Amino acid sequence: MPTPTELGLPAAPAFANRVDDDVAVGLYRSMLRMRRFEKRAYDLFLQNLVKGTSHLSLGQEAIAAAFGEAMRDDDWTFATYRGHAHTLARGVAMAPVMAELLGRSTGLLSGKGGSMHLTSAEHHMMGSYAIVGAHLTVANGAAWSAQLRGTGQVAVCFFGDGTTNIGAFHEALNLAATWRLPVVFVCENNLWMEYTPIGSVTAVPRPAADRAGGYGLDPVLVDGNDVLAMYDAACRALARARSGAGPTLVEAVTYRHGGHSRADPAKYREDTEVRPWIARDPVDLYRAHLAGDGVSESALKEVDDEVAGELDAATEAAKAAPAPDLGLVERDVWADGGASWRN
Amino acid sequence: MAQLTYRDAVARGIAQELERDERVVFLGEDVGSAGGVFKSTTGLFDRFGPRRVRDTPISEQAILGAAMGAAMTGMRPIAEIMFSDFLAVCWDIVANEIAKTRYMSGGQLTLPLVIRTANGGGLRFGAQHSQAVENWAMAVPGLKVVAPSTPRDVVGLLAAAVRDPDPVVFFEAKGLYPVKGEVPDGEIVDTLGTAEIRRQGGDCTIVALAAMVPRAIEAAGTLAGLGIEATVIDVRSLVPLDTRTILASTAATGRLFTVEENPRLCGWGAEVASIAAEEVWSELTGPIVRITTPHVPLPSADALEDHARPSAALIAETVRKSLGGARA
């Protein structure tokens, strides 16, 4: 496995891009919400309060936060089963997301989707999709709709490095480029395709960036742990899409701190590989950067406390909420709210 | 009233909806300037332009994904999958994405879209371009499934499918494309989930779908010559399923036959038979009989393909023997 240095990344994120103060703090708040939320979610797994599986973005928060901050309110998000961060990034409250993970009636999806299918249409978070690659094609459809109606909206689609080897990825890239769709594809390259190094199963070293040329697109490679670099890349890609120039394929190089899913302790990774990435932590280093850049400790502490407060309240509310009404099993197959298939 | 082929009715049906609603768009392989490989969409590109009638690459997943994303953001797409066999190429988008997203999202997302596809045999295309796969779609919760047998129903049921708020898979019987029928002038809008009684008779009920409907009607004519009067029901819509019409007729005649082009196992007739057995058992005077394509991939040679698909002669003979047996 290449080290960050071998991948051309600095030992610590550069944080070289300048942004407005409110954006700077907003990015921190957004990342911290993801980080704290997912750590709590993991604790709740260990207590067996969260059933089923779950895929955490710990270590990858800068990507979701940067796009969440850069996107217009009516731009659409399409995420994968690793979608907690992308849901929170659109401003969805922690409480319904936590309740969904716990399978409670107050869940974001009333308990019908769970961790892998988080969706909040009112926030234009158009779903978390758990079949690798499929949602790239769906994001195209939303972008096509924006193009047809002239709304200026952009669809942003996040996926992992493993997705670059499935057919739907290539179908979607070709169609998006051919139709010049206002869509941004964001590959979160965390170097591991589930339990396998992406480099060992991919014909090119940069799984997304090296494929861009095949669709007439420029390669865009970003330090995915540098939230300011990501924010800059997001703004450029969104502006390009809105201008009518077509899609962008962004490869954000990052690393997941934990395993692929709840079931995976990630023992296949050597400590020597993991350590430099933990040292590149996108949240802690960014907080230190803000402090060094003149944001007061009290202002940062205020964000910390605010996030902790939201998280504790969300956790307690989810624990206290009842299980969903069993009648929901046969609700909402159809738009009339029901599940009937005969008269 | 015009005489239209089933093929021309497809173009008329799509045009009716494109004309009516700006949100309706149509996409697929060769559907635009080429007018479709079956010439069933001729003229739409010239009339509505490339913005609304869109040619795509050979990318079935991208086609249906585009339809899905457009549908969930306010459009009413009609997507063509050239041959229903190709649904296997994009079955993830159909069965995992389109069918489940409304339910998984707790009802937040709505997917008003239509997947049109040319289904079934009769053109000697062999096993990868001739399957009848309506039962695949019927097996997936979250999909409505429609299969018209007449040019009039092509227009009316397509309109109903486009206007329906849920995803509809619309199976066109490719063997019927050249068949003519009367189509009334003006707007035609049908209702999903309604079967049509094509012929009334007191001795038995024959339930058929799409390309099997004209064969069932022909068989009923043969049977009438033998003194057996059959009711023929055109199912038209598998989901929702008009069990009321089927069960009422079955209860009245006491005998139920299904005629299915799909291969034997888990064909739609099995579901109909099970419902009838549960709900009108006491009215039945003999066994429920399914007439299907055998459980084989469809062969290519005309003699073999004709032998494999249920013919009017096979239907008539099966019914005659079965009723004779019941009366003996």
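## Helices, sheets and contacts

Biologist: Which strands does helix H8 (residues 212–225) of chain B lie across?

Modeller: Helix H8 of chain B lies across E9, strand E10 (204–208), strand E11 (230–234) and E13 of chain B, and runs at about 175° to E11(B). Helices (H or I, at least four residues) and strands (E, at least two) are DSSP runs numbered from the N terminus. Two residues are in contact if their C-beta atoms, placed from the backbone, lie within 7 Å. Axes are lines fitted to C-alpha atoms, for helices over the stretch in contact, with angles from 0 to 180 degrees between N-to-C directions.

The model is predicted: local features need pLDDT of at least 70 and side-chain atom pairs count only at pLDDT 80 or more, while totals for chains, interfaces and linings use all residues. Residues are numbered from 1 along each chain as its sequence is written, and chains are lettered from A and ligands numbered from 1 in the order in which they are written.

Biologist: What is the strand order of the open sheet of five strands in chain B?

Modeller: Two strands pair if DSSP finds at least two bridges between them. Here the order is E9-E11-E10-E13-E14, with mixed pairing. From one strand to the next, the twist averages 25°. Strand E13 (residues 256–263) of chain B pairs with E14(B) in the parallel sense, over five bridges; within that pairing, Thr258(B) has Arg290(B) as its bridge partner.

Biologist: What is the order of the open sheet of seven strands in chain B?

Modeller: In a regular strand the side chains alternate between the two faces of the sheet. The order is E3-E2-E4-E5-E7-E6-E12, again with mixed pairing. Strand E3 (53–55) and E12 of chain B are the edge strands, each pairing on one side only.

Strand E4 (residues 76–83) of chain B is mostly covered, with eight of its eight residues buried. A residue is buried if 20 or more other C-beta atoms lie within 10 Å of its own, exposed if 12 or fewer, and partly exposed in between. E4(B) runs parallel to strand E2 (residues 24–28) of chain B, joined by four bridges, and Val25(B) stands opposite Pro77(B) there. E4(B) is also parallel to strand E5 (residues 114–119) of chain B, over five bridges, with Ala79(B) opposite Ile115(B). Six bridges then join E5(B) to the parallel strand E7 (residues 168–173) of chain B, where Asn119(B) faces Ala173(B). Helix H7 (residues 151–163) of chain B lies across E2, E4, E5, strand E6 (144–146) and E7 of chain B, at about 160° to E7(B).

Biologist: At what angle do helices H1 and H2 of chain A pack?

Modeller: Two packed helices are described by the angle between their axes and the distance between the axes. Helix H1 (residues 21–46) and helix H2 (residues 61–70) of chain A pack at about 130°, with axes 9 Å apart. H1(A) and H2(A) are therefore oblique to each other; angles under 35 degrees count as roughly parallel, over 145 as roughly antiparallel, 65 to 115 as roughly perpendicular and the rest as oblique. Residues of H1(A) including Leu27(A) and Met31(A) meet residues of H2(A) including Ala62(A) and Ala65(A).

Biologist: How many residues of chain A are in contact with chain B?

Modeller: 37 residues of chain A are in contact with 42 residues of chain B. On the chain A side, strand E2 (125–129), helix H5 (134–149) and helix H6 (167–178) each supply at least two residues, and H5(A) gives the most, with ten.
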